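Here are some exercises to work through with the model open beside you. Try each task before reading its solution.

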Amino acid sequence: MGKLTRRARAKADYLGFIGAREWPLAASGLGVLLGVVTILPSAVGVVLSVVALGLGVATFTRDVRLLRRRWAGFEFTTIAAPFPTAELPPPSAYPPSDYLAVPARGTALVSDAIDRDLWTQRHTIAVAEEPYRLPPALKATAPHVLPLRARGRLLFNGPIVGMRGDPLPAAGTRPAPIRLHRARFFDAVCSNELGTLRITRADTGEEYDLRKAELTDTDGALRELGSSTLADLVGVSTVAFTTDGKLVTVRQSSLNSVSGLLLAPSGSGSLEPRDLRTPDGGPRRSLHTAVCAGMERELCEESGLEPEDVRETKLVGFARWMERGAKPEFFGVTELAVDSTEIAARRPVSGERLYSAGLTLFDVDLPAVGAALSDGVPLSEALPQRIWEDGSLPLLLALRAAAAWQATRV
């Protein structure tokens with residue numbers, strides 16, 4: 001029953017999103033229906049009803065033709081080439097940063113300086129009163145993009161949190177609060193997720209490339225999150241270790257919209273508005289506590305753990321996922337209060353069983369991985385082979401950040 005309910009909800013979210021943008025067509029259809037049901041058994045009533053029905057059919061037919069013309073007005077092609085990092089240098093305001101490209105998984109902008117600062121610096125947050133709205137250029141393509149992205153997947157238009165600020169190290173001053181905003185998941189699908197699509201107008205041949213139109217600033221560098229026009233949903237991922245030192249990973253199903261059939265972190269998803277509030281309902285003021293709350297929520301949902309099974313989560317890293325509109329990603333490492341035997345018996349909550357194919361445990365020596373990375377060993381050689389070959393980009397990035405942090409504690 002749970003799976004049927006979630007499938008029905010996904011379909012309702014999809015139809016609601018499309019219907020909200022194509023309501024004139026629905027209104028015309030309603031006119032036709034009313035014209036049919038109001039035919040009266042009198043001469044005048046019949047005449048008036050037939051006239052109304054005729055007008056409704058004509059209007060409805062016109063709207064259908066206009067809709068088909070508009071929906072055929074865009075052509076979509078997938079950009080198969082790797083992200084062009086050489087053409088888009090990191091923002092000038094960022095400390096030394098590098099692009100980390102993983103074949104068939106994606107490209108991320110990472111910075112050891114930002115990660116180290118997150119280990120000690122505490123950024124505050126401020127939540128915008130107005131929710132995010134798609135800019136006109138993206139709103140025009142939204143009805144076309146969503147069916148393309150929803151094909152073969154279950155997508156829910158759930159609440160998410162976006163980010164309008166960069167967690168940069170502050171030079172001797174208290175950093176300004178990082179601005180967050182509320183959005184819906186379909187906002188991200190129709191903005192950030194265009195990063196791998198080229199959109200062409202059929203009538204003019206004009207091309208829209210999100211990487212050039214939305215990710216590039218006036219100096220030709222990657223735009224900072226503070227000036228972005230995308231939803232920029234905040235990704236949260238944590239790698240959890242049992243009391244006997246086992247890494248917990250989630251095997252994702254084919255229904256996952258991102259990284260399907262790959263190994264995911266112990267908990268991975270998007271920051272949600274509920275993560276911005278404390279258990280007693282008060283607002284969270286710290287970026288660290290909000291992000292870690294989101295990580296632990298995802299961890300419990302995807303692994304079947306309870307909150308009391310979690311001892312502590314530490315924020316250890318940050319990146320921007322380039323193929324997904326350079327969206328922000330935060331990474332953590334979690335210490336559990338249960339061993340691998342107890343973990344093996346757990347199951348994800350009912351709502352996550354469509355996306356999770358189970359848990360897999362690994363032996364990973366974080367300090368050794370961190371020491372190898374410090375010595376210049378590539379991530380592909382520092383990690384266990386199975387994890388490197390089957391791991392999703394968030395899992396690889398989370399282990400990279402956690403290993404660097406752990407190496408400083410030895």
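The protein chain has 13 helices and 15 strands, where helices (H or I, at least four residues) and strands (E, at least two) are DSSP runs numbered from the N terminus. This is a predicted model, so to speak of local features takes pLDDT of at least 70 and side-chain atom pairs count only at pLDDT 80 or more, while totals for chains, interfaces and linings use all residues. Residues are numbered from 1 along each chain as its sequence is written, and side-chain values use heavy atoms, with hydrogens and water left out.

**Exercise 1. The chain overall**

Task: Work out what percentage of the protein chain's 410 residues count as buried, and what share of its contacts with a separation of 6 or more joins residues 24 or more positions apart.

Solution: Start with burial, which means under 20% relative accessible area, with exposed over 50% and partly exposed in between (1.4 Å probe, protein chains only). By that cut-off, 51% of the 410 residues are buried. Next, take contacts, meaning heavy atoms within 4.5 Å. Of those with a separation of 6 or more, 74% link residues 24 or more positions apart.

**Exercise 2. Helix 4 against helix 13**

Task: Describe how helix 4 and helix 13 pack, giving the angle and the axis distance.

Solution: Two packed helices are described by the angle between their axes and the distance between the axes. Axes here are lines fitted to C-alpha atoms, for helices over the stretch in contact, and angles run from 0 to 180 degrees between N-to-C directions.

- Step 1: Helix 4 (residues 112-120) and helix 13 (residues 393-407) pack at about 60°, and their axes are 11 Å apart.
- Step 2: That makes helix 4 oblique to helix 13; angles under 35 degrees count as roughly parallel, over 145 as roughly antiparallel, 65 to 115 as roughly perpendicular and the rest as oblique.
- Step 3: On the residue level, Asp112, Asp115 and Trp119 of helix 4 meet Arg400, Ala401, Ala404 and Trp405 of helix 13.
- Step 4: Sorted by class, the contact of helix 4 with helix 13 has 4 nonpolar, no polar and 3 charged residues. Here Ala, Val, Leu, Ile, Met, Phe, Trp, Tyr, Cys and Pro count as nonpolar, Asp, Glu, Lys and Arg as charged, and the others, Gly among them, as polar.

Now for the burial of helix 4: Ile114, Asp115, Asp117, Leu118 and Trp119 are buried. Their cover includes helix 8 (287-303), strand 13 (310-321), strand 14 (327-336) and helix 13.

**Exercise 3. Helix 10 against helix 13**

Task: Say at what angle the axes of helix 10 and helix 13 cross, and which residues meet.

Solution: The axes of helix 10 (residues 366-374) and helix 13 cross at roughly 95° and come within 7 Å. The two helices are therefore roughly perpendicular to each other. From helix 10 come Leu366, Pro367, Val369, Gly370, Ala371 and Leu373, which meet Leu399, Arg400, Ala402, Ala403, Ala404, Gln406 and Ala407 in helix 13. The class count for helix 10 with helix 13 is 10 nonpolar, 2 polar and 1 charged residues.

**Exercise 4. Positive phi in loops**

Task: Find where Asp232 lies and where Ala326 lies, then check the phi of each.

Solution: Asp232 is in the loop between helix 7 (210-213) and strand 9 (235-241). Phi of Asp232 is near 50°, a positive value in a residue other than glycine, and Asp232 is buried at 0% relative accessibility. Ala326 is in the loop between strand 13 and strand 14. Ala326 is not a glycine, yet has a positive phi of about 55°; its relative accessible area is 0%, so Ala326 is buried.
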